[in-house]
Amino acid sequence: MLHHPIPTLLSLLLTSLPLVTKSFRPRIKIIDFDADTITKPVSLTTNSLFTSDGTGTVTSESSKHYGGPSIFGAFVDSSDEGKWSASDQVHGGLKLHWGKNKGHNGDTMSGLFLFTKDDFLNGVSGEEDIIVMDESSKVNVMMSPVEYGAVSSSSISFVFADSTGYHISSPIAQEMFQTGYPFTFSPKSLEYHDFDPSINADAVGETERRSVPSFDGISSVGFRIDVKRGVDTFKSVNVGVKLFTVHAVPPPSIMNITGKKTKITLDGEQTMNGFGATVAFEISRLLNNKHVDDLCNLLFKDLNLDILRIRNYYLASDSDEGASYEKEIKDTIEVIKLGEKAVGRSLMTLLTSWTAPNSLKNNQAPNGGTIAYDPENIMDYHYQDYGKWWTESVIHYQNLGVYPEYLS
(Lines give C-alpha, C1' and ligand atoms only; values in the text may rest on other atoms or scores of the structure.)
Protein backbone atom coordinates (compact mmCIF):
# COMPACT_ATOMS: atom_id res chain seq x y z
CA MET A 1 0.00 0.00 0.00
CA LEU A 2 1.04 3.62 -0.36
CA HIS A 3 2.79 4.98 2.69
CA HIS A 4 2.89 8.58 1.49
CA PRO A 5 -0.18 10.74 2.19
CA ILE A 6 -2.06 11.88 -0.92
CA PRO A 7 -3.53 15.35 -0.23
CA THR A 8 -5.47 15.58 -3.47
CA LEU A 9 -8.73 17.44 -3.94
CA LEU A 10 -10.47 14.04 -4.04
CA SER A 11 -9.06 12.91 -0.69
CA LEU A 12 -9.71 16.30 0.90
CA LEU A 13 -13.33 16.13 -0.23
CA LEU A 14 -13.70 12.57 1.04
CA THR A 15 -12.30 13.35 4.48
CA SER A 16 -14.35 16.51 4.86
CA LEU A 17 -17.70 14.99 3.90
CA PRO A 18 -19.95 13.44 6.59
CA LEU A 19 -20.28 9.68 6.48
CA VAL A 20 -23.87 9.88 5.29
CA THR A 21 -26.38 12.61 4.51
CA LYS A 22 -30.04 12.57 5.42
CA SER A 23 -31.07 13.06 1.78
CA PHE A 24 -29.17 9.95 0.61
CA ARG A 25 -31.40 7.54 -1.31
CA PRO A 26 -29.42 4.58 -2.67
CA ARG A 27 -30.24 2.94 -5.99
CA ILE A 28 -30.97 -0.75 -6.04
CA LYS A 29 -30.96 -3.27 -8.87
CA ILE A 30 -34.56 -4.26 -9.44
CA ILE A 31 -33.47 -6.41 -12.39
CA ASP A 32 -30.01 -7.91 -12.81
CA PHE A 33 -30.07 -10.22 -15.85
CA ASP A 34 -27.06 -12.12 -17.18
CA ALA A 35 -27.63 -14.33 -20.23
CA ASP A 36 -25.13 -16.88 -18.91
CA THR A 37 -27.79 -17.97 -16.40
CA ILE A 38 -29.64 -19.54 -19.35
CA THR A 39 -28.41 -23.12 -19.64
CA LYS A 40 -31.01 -24.39 -22.11
CA PRO A 41 -32.11 -22.18 -25.05
CA VAL A 42 -35.78 -21.24 -25.42
CA SER A 43 -37.23 -20.06 -28.75
CA LEU A 44 -40.37 -18.65 -30.38
CA THR A 45 -40.58 -19.44 -34.10
CA THR A 46 -44.04 -18.09 -34.89
CA ASN A 47 -45.62 -14.69 -34.34
CA SER A 48 -46.63 -14.44 -30.68
CA LEU A 49 -48.64 -11.92 -28.65
CA PHE A 50 -47.50 -10.59 -25.29
CA THR A 51 -49.33 -11.63 -22.16
CA SER A 52 -48.25 -11.03 -18.57
CA ASP A 53 -50.43 -13.89 -17.37
CA GLY A 54 -48.98 -17.31 -16.73
CA THR A 55 -45.38 -18.24 -15.98
CA GLY A 56 -43.52 -16.40 -18.72
CA THR A 57 -41.69 -17.54 -21.84
CA VAL A 58 -38.39 -18.26 -20.07
CA THR A 59 -38.57 -19.82 -16.60
CA SER A 60 -36.89 -22.63 -14.68
CA GLU A 61 -39.49 -24.94 -16.23
CA SER A 62 -38.87 -23.99 -19.86
CA SER A 63 -35.08 -23.71 -19.41
CA LYS A 64 -33.72 -26.35 -17.05
CA HIS A 65 -31.65 -24.99 -14.15
CA TYR A 66 -32.44 -21.36 -15.09
CA GLY A 67 -32.62 -19.37 -11.85
CA GLY A 68 -33.04 -15.84 -13.18
CA PRO A 69 -36.16 -13.65 -13.41
CA SER A 70 -39.01 -14.87 -15.62
CA ILE A 71 -38.93 -13.37 -19.12
CA PHE A 72 -42.16 -12.57 -20.94
CA GLY A 73 -41.76 -12.48 -24.72
CA ALA A 74 -43.59 -11.53 -27.90
CA PHE A 75 -42.50 -11.87 -31.52
CA VAL A 76 -43.27 -10.57 -35.02
CA ASP A 77 -41.41 -11.89 -38.10
CA SER A 78 -42.23 -10.80 -41.64
CA SER A 79 -40.04 -13.56 -43.12
CA ASP A 80 -41.48 -16.55 -41.22
CA GLU A 81 -37.89 -17.83 -41.12
CA GLY A 82 -36.50 -16.14 -38.01
CA LYS A 83 -36.85 -16.74 -34.29
CA TRP A 84 -37.07 -15.04 -30.90
CA SER A 85 -34.59 -16.78 -28.67
CA ALA A 86 -33.10 -16.81 -25.17
CA SER A 87 -29.60 -18.29 -24.93
CA ASP A 88 -26.29 -17.77 -23.15
CA GLN A 89 -23.88 -14.90 -23.89
CA VAL A 90 -21.78 -16.84 -26.41
CA HIS A 91 -24.90 -17.42 -28.53
CA GLY A 92 -26.23 -13.86 -28.29
CA GLY A 93 -28.36 -13.72 -25.12
CA LEU A 94 -31.95 -12.50 -25.48
CA LYS A 95 -31.97 -12.16 -29.23
CA LEU A 96 -33.58 -12.19 -32.66
CA HIS A 97 -32.03 -14.74 -35.00
CA TRP A 98 -31.87 -15.63 -38.69
CA GLY A 99 -29.91 -18.67 -39.75
CA LYS A 100 -27.69 -18.77 -42.83
CA ASN A 101 -29.69 -18.32 -46.04
CA LYS A 102 -32.80 -17.47 -44.04
CA GLY A 103 -34.84 -14.34 -44.67
CA HIS A 104 -34.61 -11.91 -47.57
CA ASN A 105 -33.13 -8.45 -47.91
CA GLY A 106 -35.58 -6.02 -46.27
CA ASP A 107 -37.35 -8.59 -44.05
CA THR A 108 -37.96 -7.43 -40.49
CA MET A 109 -38.23 -8.95 -37.04
CA SER A 110 -39.37 -7.46 -33.75
CA GLY A 111 -39.05 -9.05 -30.31
CA LEU A 112 -40.23 -8.01 -26.85
CA PHE A 113 -38.45 -9.09 -23.64
CA LEU A 114 -40.09 -8.01 -20.36
CA PHE A 115 -39.47 -8.63 -16.66
CA THR A 116 -42.34 -8.16 -14.21
CA LYS A 117 -42.52 -6.89 -10.64
CA ASP A 118 -42.90 -10.41 -9.23
CA ASP A 119 -39.19 -10.90 -9.93
CA PHE A 120 -37.90 -7.46 -8.94
CA LEU A 121 -35.13 -7.60 -6.31
CA ASN A 122 -34.89 -11.40 -6.70
CA GLY A 123 -38.52 -11.73 -5.67
CA VAL A 124 -38.16 -9.66 -2.46
CA SER A 125 -40.46 -6.89 -3.68
CA GLY A 126 -44.07 -7.22 -2.50
CA GLU A 127 -47.31 -6.19 -4.20
CA GLU A 128 -47.67 -3.20 -1.89
CA ASP A 129 -44.16 -1.89 -2.61
CA ILE A 130 -44.00 1.10 -4.96
CA ILE A 131 -40.91 1.09 -7.17
CA VAL A 132 -39.85 4.51 -8.49
CA MET A 133 -37.34 5.64 -11.12
CA ASP A 134 -35.82 9.12 -10.74
CA GLU A 135 -32.93 11.10 -12.23
CA SER A 136 -30.43 8.84 -10.45
CA SER A 137 -31.87 5.64 -11.92
CA LYS A 138 -29.75 3.90 -14.54
CA VAL A 139 -30.16 1.14 -17.11
CA ASN A 140 -27.16 -0.88 -18.32
CA VAL A 141 -27.39 -2.86 -21.57
CA MET A 142 -24.65 -4.92 -23.22
CA MET A 143 -25.52 -6.16 -26.71
CA SER A 144 -24.01 -8.83 -28.90
CA PRO A 145 -21.93 -7.68 -31.89
CA VAL A 146 -23.72 -7.21 -35.21
CA GLU A 147 -22.26 -8.13 -38.59
CA TYR A 148 -23.44 -5.40 -40.91
CA GLY A 149 -24.30 -6.61 -44.38
CA ALA A 150 -26.18 -9.46 -42.75
CA VAL A 151 -28.18 -6.74 -40.98
CA SER A 152 -29.35 -3.53 -42.62
CA SER A 153 -30.37 -1.84 -39.36
CA SER A 154 -31.10 -2.74 -35.74
CA SER A 155 -32.22 -0.91 -32.63
CA ILE A 156 -33.38 -1.37 -29.05
CA SER A 157 -36.16 0.50 -27.25
CA PHE A 158 -36.60 0.67 -23.48
CA VAL A 159 -40.07 -0.50 -22.38
CA PHE A 160 -41.70 -0.23 -18.97
CA ALA A 161 -45.06 0.03 -17.24
CA ASP A 162 -45.76 2.59 -14.51
CA SER A 163 -48.89 3.91 -12.81
CA THR A 164 -50.06 5.48 -16.11
CA GLY A 165 -49.58 2.41 -18.33
CA TYR A 166 -46.96 1.06 -20.73
CA HIS A 167 -44.38 3.31 -22.43
CA ILE A 168 -41.79 2.65 -25.13
CA SER A 169 -38.78 4.87 -25.80
CA SER A 170 -37.65 6.17 -29.15
CA PRO A 171 -35.33 3.56 -30.70
CA ILE A 172 -31.65 3.55 -29.76
CA ALA A 173 -29.62 2.53 -32.81
CA GLN A 174 -27.16 -0.29 -32.22
CA GLU A 175 -24.37 1.95 -33.53
CA MET A 176 -24.58 3.62 -30.10
CA PHE A 177 -23.30 0.43 -28.46
CA GLN A 178 -19.62 -0.45 -28.19
CA THR A 179 -19.02 -4.17 -28.58
CA GLY A 180 -18.17 -5.83 -25.28
CA TYR A 181 -19.12 -2.84 -23.11
CA PRO A 182 -22.41 -1.96 -21.40
CA PHE A 183 -24.31 1.08 -22.65
CA THR A 184 -25.69 3.14 -19.76
CA PHE A 185 -28.59 5.60 -19.87
CA SER A 186 -31.05 7.27 -17.53
CA PRO A 187 -34.67 6.27 -18.19
CA LYS A 188 -35.78 9.85 -17.58
CA SER A 189 -33.50 11.13 -20.37
CA LEU A 190 -35.45 9.37 -23.16
CA GLU A 191 -38.53 10.32 -25.15
CA TYR A 192 -41.54 8.00 -24.84
CA HIS A 193 -44.78 7.01 -26.55
CA ASP A 194 -47.82 5.23 -25.16
CA PHE A 195 -47.47 1.54 -25.87
CA ASP A 196 -49.83 -1.43 -25.98
CA PRO A 197 -47.67 -4.59 -25.95
CA SER A 198 -50.65 -6.92 -26.46
CA ILE A 199 -51.30 -5.79 -30.08
CA ASN A 200 -48.97 -6.79 -32.92
CA ALA A 201 -48.66 -5.09 -36.30
CA ASP A 202 -45.42 -4.63 -38.27
CA ALA A 203 -43.64 -4.78 -34.90
CA VAL A 204 -44.48 -6.06 -31.42
CA GLY A 205 -46.98 -3.74 -29.76
CA GLU A 206 -48.87 -0.69 -30.90
CA THR A 207 -47.10 2.65 -30.49
CA GLU A 208 -49.33 5.67 -30.04
CA ARG A 209 -48.97 9.37 -29.14
CA ARG A 210 -46.11 10.91 -27.18
CA SER A 211 -46.39 10.16 -23.48
CA VAL A 212 -45.17 11.60 -20.19
CA PRO A 213 -44.51 8.69 -17.81
CA SER A 214 -45.01 9.10 -14.07
CA PHE A 215 -42.01 6.81 -13.34
CA ASP A 216 -43.68 5.57 -10.17
CA GLY A 217 -45.46 2.30 -9.50
CA ILE A 218 -43.09 0.48 -11.87
CA SER A 219 -44.53 -2.97 -12.58
CA SER A 220 -42.60 -4.13 -15.69
CA VAL A 221 -39.28 -3.26 -17.34
CA GLY A 222 -37.59 -4.59 -20.43
CA PHE A 223 -36.85 -3.82 -24.05
CA ARG A 224 -37.89 -4.36 -27.65
CA ILE A 225 -35.36 -5.29 -30.33
CA ASP A 226 -36.09 -4.44 -33.99
CA VAL A 227 -33.92 -5.68 -36.84
CA LYS A 228 -33.98 -5.46 -40.65
CA ARG A 229 -32.31 -8.10 -42.85
CA GLY A 230 -29.43 -6.95 -45.04
CA VAL A 231 -28.20 -8.09 -48.44
CA ASP A 232 -25.78 -10.74 -47.08
CA THR A 233 -28.45 -13.33 -46.37
CA PHE A 234 -25.85 -16.11 -46.57
CA LYS A 235 -24.71 -14.94 -43.12
CA SER A 236 -26.54 -15.72 -39.89
CA VAL A 237 -27.88 -12.95 -37.63
CA ASN A 238 -27.92 -12.68 -33.84
CA VAL A 239 -29.03 -9.32 -32.47
CA GLY A 240 -29.33 -9.70 -28.73
CA VAL A 241 -28.80 -8.46 -25.19
CA LYS A 242 -26.26 -10.25 -23.00
CA LEU A 243 -26.59 -8.14 -19.84
CA PHE A 244 -29.53 -6.03 -18.66
CA THR A 245 -29.55 -4.20 -15.33
CA VAL A 246 -32.09 -1.67 -14.07
CA HIS A 247 -31.41 0.51 -11.01
CA ALA A 248 -34.31 2.22 -9.26
CA VAL A 249 -35.21 3.84 -5.96
CA PRO A 250 -36.15 1.22 -3.37
CA PRO A 251 -39.37 1.37 -1.35
CA PRO A 252 -38.91 1.92 2.41
CA SER A 253 -39.69 -1.74 3.13
CA ILE A 254 -36.71 -2.82 1.03
CA MET A 255 -34.33 -0.13 2.28
CA ASN A 256 -34.90 -1.42 5.80
CA ILE A 257 -36.04 -4.98 5.32
CA THR A 258 -35.81 -5.90 9.01
CA GLY A 259 -38.20 -3.10 9.99
CA LYS A 260 -35.74 -1.97 12.67
CA LYS A 261 -33.85 1.31 12.79
CA THR A 262 -30.52 1.78 14.50
CA LYS A 263 -28.96 5.21 14.84
CA ILE A 264 -25.73 5.85 16.69
CA THR A 265 -24.86 9.53 17.08
CA LEU A 266 -21.23 10.48 17.58
CA ASP A 267 -19.81 13.73 18.84
CA GLY A 268 -19.95 16.11 15.92
CA GLU A 269 -22.08 15.80 12.78
CA GLN A 270 -21.39 12.23 11.61
CA THR A 271 -23.95 9.44 11.73
CA MET A 272 -23.28 5.71 11.75
CA ASN A 273 -25.13 4.27 8.76
CA GLY A 274 -24.31 0.59 9.15
CA PHE A 275 -21.64 -2.04 9.46
CA GLY A 276 -19.76 -4.06 6.89
CA ALA A 277 -16.70 -6.04 5.85
CA THR A 278 -14.00 -6.10 3.18
CA VAL A 279 -13.81 -8.16 -0.02
CA ALA A 280 -10.30 -7.79 -1.40
CA PHE A 281 -8.02 -10.82 -1.82
CA GLU A 282 -8.28 -14.50 -2.85
CA ILE A 283 -11.93 -13.96 -3.75
CA SER A 284 -11.97 -17.03 -6.00
CA ARG A 285 -11.47 -19.26 -2.95
CA LEU A 286 -14.97 -18.35 -1.78
CA LEU A 287 -16.55 -18.64 -5.24
CA ASN A 288 -14.95 -22.03 -5.91
CA ASN A 289 -15.89 -23.52 -2.55
CA LYS A 290 -18.56 -26.22 -2.81
CA HIS A 291 -20.28 -24.70 0.25
CA VAL A 292 -20.36 -21.19 -1.22
CA ASP A 293 -24.10 -20.67 -0.52
CA ASP A 294 -23.79 -21.74 3.12
CA LEU A 295 -20.71 -19.57 3.55
CA CYS A 296 -22.49 -16.55 2.05
CA ASN A 297 -25.37 -17.01 4.49
CA LEU A 298 -22.86 -16.97 7.35
CA LEU A 299 -20.87 -14.05 5.96
CA PHE A 300 -23.75 -11.85 4.90
CA LYS A 301 -27.15 -12.94 6.19
CA ASP A 302 -26.16 -13.93 9.74
CA LEU A 303 -24.05 -10.78 10.17
CA ASN A 304 -26.76 -8.66 8.49
CA LEU A 305 -24.12 -6.54 6.74
CA ASP A 306 -24.99 -3.13 5.27
CA ILE A 307 -21.87 -2.25 3.26
CA LEU A 308 -19.02 -3.99 1.45
CA ARG A 309 -15.59 -2.45 1.14
CA ILE A 310 -14.17 -3.63 -2.19
CA ARG A 311 -10.75 -3.19 -3.66
CA ASN A 312 -10.34 -1.09 -6.81
CA TYR A 313 -8.79 -3.70 -9.11
CA TYR A 314 -8.93 -1.50 -12.21
CA LEU A 315 -5.54 -1.95 -14.00
CA ALA A 316 -4.18 -3.59 -10.82
CA SER A 317 -0.68 -5.05 -11.17
CA ASP A 318 -0.79 -7.56 -8.30
CA SER A 319 -3.82 -9.77 -8.93
CA ASP A 320 -3.99 -13.11 -7.09
CA GLU A 321 -2.20 -16.02 -8.78
CA GLY A 322 -1.59 -14.01 -11.95
CA ALA A 323 -5.29 -13.50 -12.71
CA SER A 324 -6.21 -10.51 -14.88
CA TYR A 325 -7.66 -7.45 -13.23
CA GLU A 326 -10.85 -8.06 -15.28
CA LYS A 327 -11.16 -11.50 -13.62
CA GLU A 328 -10.66 -9.97 -10.16
CA ILE A 329 -13.36 -7.35 -10.84
CA LYS A 330 -15.74 -10.02 -12.18
CA ASP A 331 -15.18 -12.15 -9.05
CA THR A 332 -15.76 -9.13 -6.82
CA ILE A 333 -19.07 -8.37 -8.55
CA GLU A 334 -20.10 -12.02 -8.18
CA VAL A 335 -19.50 -11.81 -4.41
CA ILE A 336 -21.60 -8.63 -4.24
CA LYS A 337 -24.43 -10.47 -6.02
CA LEU A 338 -24.14 -13.44 -3.67
CA GLY A 339 -24.20 -11.10 -0.68
CA GLU A 340 -27.27 -9.25 -1.92
CA LYS A 341 -29.00 -12.57 -2.61
CA ALA A 342 -28.21 -13.76 0.93
CA VAL A 343 -29.52 -10.65 2.70
CA GLY A 344 -32.37 -10.06 0.25
CA ARG A 345 -31.53 -6.41 -0.44
CA SER A 346 -28.91 -4.15 -1.99
CA LEU A 347 -25.59 -3.60 -0.24
CA MET A 348 -23.79 -0.28 -0.26
CA THR A 349 -20.23 -0.36 -1.60
CA LEU A 350 -17.07 1.46 -0.55
CA LEU A 351 -14.46 1.38 -3.34
CA THR A 352 -10.91 1.60 -1.95
CA SER A 353 -7.81 2.25 -4.06
CA TRP A 354 -5.54 0.01 -1.92
CA THR A 355 -2.58 0.81 -4.15
CA ALA A 356 -2.25 2.50 -7.52
CA PRO A 357 -1.17 0.56 -10.63
CA ASN A 358 2.60 0.03 -10.84
CA SER A 359 2.84 2.48 -13.75
CA LEU A 360 1.69 5.32 -11.45
CA LYS A 361 4.19 4.60 -8.63
CA ASN A 362 7.80 5.64 -8.18
CA ASN A 363 9.00 2.09 -7.45
CA GLN A 364 6.95 0.40 -10.20
CA ALA A 365 5.79 -2.19 -7.64
CA PRO A 366 2.54 -2.94 -5.76
CA ASN A 367 4.08 -2.75 -2.27
CA GLY A 368 5.70 0.33 -0.78
CA GLY A 369 6.65 3.42 -2.72
CA THR A 370 4.65 6.56 -3.45
CA ILE A 371 2.86 8.16 -6.35
CA ALA A 372 5.43 8.86 -9.08
CA TYR A 373 7.02 12.32 -9.08
CA ASP A 374 9.34 14.49 -11.14
CA PRO A 375 12.93 13.39 -10.34
CA GLU A 376 14.07 17.02 -10.52
CA ASN A 377 11.31 18.19 -8.16
CA ILE A 378 10.45 15.68 -5.44
CA MET A 379 7.35 17.70 -4.48
CA ASP A 380 5.86 17.46 -7.98
CA TYR A 381 3.79 14.31 -7.52
CA HIS A 382 1.79 13.05 -10.53
CA TYR A 383 -1.59 13.51 -8.88
CA GLN A 384 -3.29 14.38 -12.17
CA ASP A 385 -2.53 10.89 -13.56
CA TYR A 386 -3.68 9.36 -10.27
CA GLY A 387 -6.94 11.34 -10.42
CA LYS A 388 -7.48 10.26 -14.04
CA TRP A 389 -7.05 6.61 -13.01
CA TRP A 390 -9.62 7.07 -10.27
CA THR A 391 -12.10 8.66 -12.68
CA GLU A 392 -11.65 5.85 -15.23
CA SER A 393 -12.01 3.31 -12.40
CA VAL A 394 -15.37 4.62 -11.26
CA ILE A 395 -16.68 4.74 -14.84
CA HIS A 396 -15.47 1.17 -15.43
CA TYR A 397 -17.26 -0.15 -12.33
CA GLN A 398 -20.43 1.79 -13.18
CA ASN A 399 -20.45 0.31 -16.69
CA LEU A 400 -20.42 -3.12 -15.04
CA GLY A 401 -23.38 -2.23 -12.85
CA VAL A 402 -21.54 -1.27 -9.61
CA TYR A 403 -22.24 2.26 -8.34
CA PRO A 404 -20.05 2.83 -5.26
CA GLU A 405 -21.68 5.05 -2.64
CA TYR A 406 -18.26 5.88 -1.14
CA LEU A 407 -14.65 6.15 -2.30
CA SER A 408 -11.49 5.98 -0.17
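1. Phe158 and Phe185 are both buried. This is a predicted model, and the remarks below should be read accordingly. The count of aromatic pairs comes to 15. In the pair formed by Phe158 and Phe185, the ring centres lie 5.7 Å apart and the planes meet at 75°; an angle over 60 degrees counts as edge-to-face, so this pair is classed as such. Because Phe158 belongs to strand β8 and Phe185 to strand β11, the pair ties together parts that are 27 residues apart in sequence.

2. Ring pairs also link a cluster, whose members are Phe33, Trp84, Phe113, Phe115, Phe223 and Phe244.

3. Asp162 is placed in strand β8, which covers residues 151–162. Its relative accessibility is 7%, and because buried means under 20%, Asp162 counts as buried.

4. Which residues does Asp162 contact, leaving aside its neighbours within four places in sequence? They are His167, Pro213, Ser214, Phe215, Asp216, Gly217 and Ile218. Asp162 and Met133, which are 29 residues apart in sequence, have their C-alpha atoms 9.6 Å apart in space.

5. Ser186 sits in the loop between β11 (183–185) and β12 (192–200). With a relative accessible area of 12%, Ser186 is buried. Not counting residues up to four places away in sequence, Ser186 touches Asp134, Glu135, Ser137 and Lys138.

6. Helix α6 comprises 17 residues, 383–399. At 1.5 Å a residue α6 should span 24 Å, and this agrees with the 24 Å that separates its end C-alpha atoms.

7. The buried residues of α6 are Tyr386, Trp389, Trp390, Ser393, Val394, His396 and Tyr397. Viewed down the axis of α6, these buried residues fall within an arc of 160°, so they line one face of the helix. An α-helix has 3.6 residues a turn, so residues three or four places apart point the same way. The exposed residues Gln384 and Lys388 are carried on the face of α6 turned away from its buried side.

8. Just after α6, Gly401 adopts a positive phi of about 95°.

Key
Residues are numbered from 1 along each chain as its sequence is written. This is a predicted model: local features need pLDDT of at least 70, side-chain atom pairs count only at pLDDT 80 or more; totals for chains, interfaces and linings use all residues. Side-chain values use heavy atoms; hydrogens and water are left out. Helices (H or I, at least four residues) and strands (E, at least two) are DSSP runs, numbered from the N terminus. The expected span of a helix is 1.5 Å times one less than its number of residues. Buried means under 20% relative accessible area, exposed over 50%, partly exposed in between (1.4 Å probe, protein chains only). The arc is that of the directions from the helix axis to the C-beta atoms. Contact means heavy atoms within 4.5 Å. Rings of Phe, Tyr and Trp (its six-membered ring) pair if their centres lie within 6.5 Å; planes under 30 degrees apart count as stacked, over 60 as edge-to-face and the rest as tilted.
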